[in-house]
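Me: I would like to work through this structure in short steps. Shall we take one feature at a time?

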Amino acid sequence: MLLDMSLMVGPAPGPRGWTVDPSRTDVRQVLPGVWCLRLPLAWPQLQHVNVWALAREGGGVVLVDSAMAGPGAWEALTGALRKAGGSVRDVHVLALTHAHADHVGLAARVVEESGCETWMHPGAEPFFAVVRDPGATESARARRAAREGVPERLLAAYASVEEEADGTHAPLRASHALVAGTVLSSAIGDWLAVETPGHAPSHVCLHQPEHRLLLAGDLLSRHFAPFFDYGWSADPVAEYLASLDAVSGLDVETVLPGHGAPLQDFGALVASHRAGVHDRLAAVRQALASGDAGGYELTRRIFGRPADVIVGVWQFAEVIAYLGHLRRTGEVVRREEADGTYAYARA
Ligand SMILES: [Zn+2]
Ligand SMILES: [Zn+2]
């Protein structure tokens, strides 16, 4: 489903296009009692997500994240749990690193089938509001995209909430709040929650101090690949930088990320992500040096022509977040043109 942007006139392909092959799972025990369930995603840009199964003292598991809903996805998750020697009924506790469809999509189904406790950050609410009322968010996103100069023919794709609404089995109500100081116990020891908003307002990492592990969700990845939910909090970029500061003081040897293999060299990894944000902010300043422009035009100046429309939408969201951050720091101003579109300029 690699899409040519010039051919793209409607929303991204829906759930049918998201069919995954349930046999395409990879299950590894990274240490006794800690399983990585690598589950397929149907996105060309991101082909799997990691769900973590942590054995509990006395039986049962803590499941961290749940993968995206869609044809074949439930079979992939349950098949992976079987390969790890369990089943969905062994899930006693479900913890969510953050409310994005690739991490919470199947969560409500896991709760239905297992009756487990659900631990999630209260910042997940805007995501599930989208799932409950996709139309309201689509209208708001279309209005914003138009003001940022997104061409008419691309507005539907930029407004689409299919990824959230169709990639999520059902809205999820947490039974417990996963917030700073929350402790989740497992057979290898306690995991302590650290709030790490920015990528999403609900983002939380779990730190296991004795084994020096950090379940990092989408805070860190092998290659700096940022994404920011915009419109749900004041300054996701500042939040993200503060989140990197918050984890940087932890004693961590191995990062267990939401996508990709476990990562070492924690200090360098955090530093590279911090530098990555500052490089992108510099790129935004540079793009503004060649003239005032709206968010869409600035995105194209920074990233060029995207590989497909979804990548373009992700890049746009990222640039909107940087522009919001630079407005708050006073470096950039935004004016409204006579036609209602926005133009950003260096202050
Ligand atoms: Zn995410
Ligand atoms: Zn993710």
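Me: How are α9 and α10 oriented to each other?
Reply: This is a predicted model. The axes of helix α9 (residues 266-289) and helix α10 (residues 295-303) cross at roughly 115°. Angles of 65 to 115 degrees count as roughly perpendicular. α9 and α10 are therefore roughly perpendicular to each other.

Me: Within what distance do the axes of α9 and α10 come?
Reply: Two packed helices are described by the angle between their axes and the distance between the axes. The crossing of α9 and α10 is right-handed. Their axes come within 9 Å.

Me: Which residues are the protein donors of the zinc ion (ligand 1)?
Reply: Along the chain, the donors follow the spacing H-x1-H-x98-H-x18-D. They lie 2.1 to 2.3 Å from the zinc ion (ligand 1). The donors are H98 (NE2), H100 (ND1), H199 (NE2) and D218 (OD).

Me: Are H98 and H100 buried or exposed?
Reply: Buried means under 20% relative accessible area. H98 has a value of 1%, so H98 is buried. H100 is at 10% relative accessibility, so H100 too counts as buried.

Me: What is the site of the zinc ion (ligand 1) like?
Reply: The zinc ion (ligand 1) has four donor atoms. The angles among them are 90 to 172°. The site is irregular.

Me: Which residue bridges the zinc ion (ligand 1) and the zinc ion (ligand 2)?
Reply: The two zinc ions are 3.5 Å apart. One residue coordinates both. The bridging residue is D218.

Me: What is the order of the strands in the open sheet?
Reply: The sheet has five strands, with mixed pairing. The twist averages 25° from one strand to the next. The order is β8-β9-β10-β11-β12.

Me: Which strands stand at the edges of the sheet?
Reply: An edge strand here has a single partner strand, so one side is left without a neighbour in the sheet. The strands at the edges are β8 (183-186) and β12 (254-257).

Me: Over how many bridges do β9 and β10 pair?
Reply: Strand β9 covers residues 189-195, and strand β10 covers residues 204-208. The bridge partner of A193 in β10 is L206. For L192, the partner in β10 is H207. β9 and β10 pair in the antiparallel sense over four bridges.

Me: In β11, which residue is the bridge partner of L206?
Reply: β10 and β11 pair in the antiparallel sense over three bridges. They form a hairpin with four residues between them. The partner of L206 in β11 is L215.

Me: How many residues of β10 are buried?
Reply: V204, L206 and Q208 point one way from β10. C205 and H207 point the other way, and all are buried. β10 is mostly covered, and the count of buried residues is five of five.

Me: What is the phi of R212?
Reply: Most residues other than glycine have a negative phi. R212 lies in the loop between β10 and β11 (213-217). R212 is partly exposed, with a relative accessible area of 31%. R212 is not a glycine, yet its phi is positive, at about 55°.

Me: And D65: what is its phi, and is it buried or exposed?
Reply: The place of D65 is in the loop between β4 (61-64) and α1 (73-83). Phi of D65 is near 75°, a positive value in a residue other than glycine. With a relative accessible area of 1%, D65 is buried.

Me: How far apart in space are R132 and F266?
Reply: R132 lies in helix α4 (residues 125-132). At 43% relative accessibility, R132 counts as partly exposed. R132 and F266 are 134 residues apart in sequence. In space, C-alpha to C-alpha, they are 38 Å apart.

How values were computed
Residues numbered from 1 in each chain as written. Chains lettered and ligands numbered in written order. Predicted model: local features only at pLDDT ≥ 70, side-chain atom pairs only at ≥ 80, totals over all residues. Heavy atoms only, no water. Pairing = 2+ DSSP bridges. Helix = DSSP H or I, 4+ residues; strand = E, 2+ residues; numbered from the N terminus. Axes fitted to C-alpha atoms, helices over the stretch in contact; angles between N-to-C directions. Donors = N, O, S within 2.8 Å, 3.2 Å for Na, K, Ca; no water. Tetrahedral: all angles 85-135°; square planar, octahedral: opposite > 155°, others 65-115°. Buried < 20%, exposed > 50% of the residue type's maximum accessible area, 1.4 Å probe, protein only. Parallel < 35°, antiparallel > 145°, perpendicular 65-115°, else oblique. Left-handed = near helix turned anticlockwise from the far one by under 90°.
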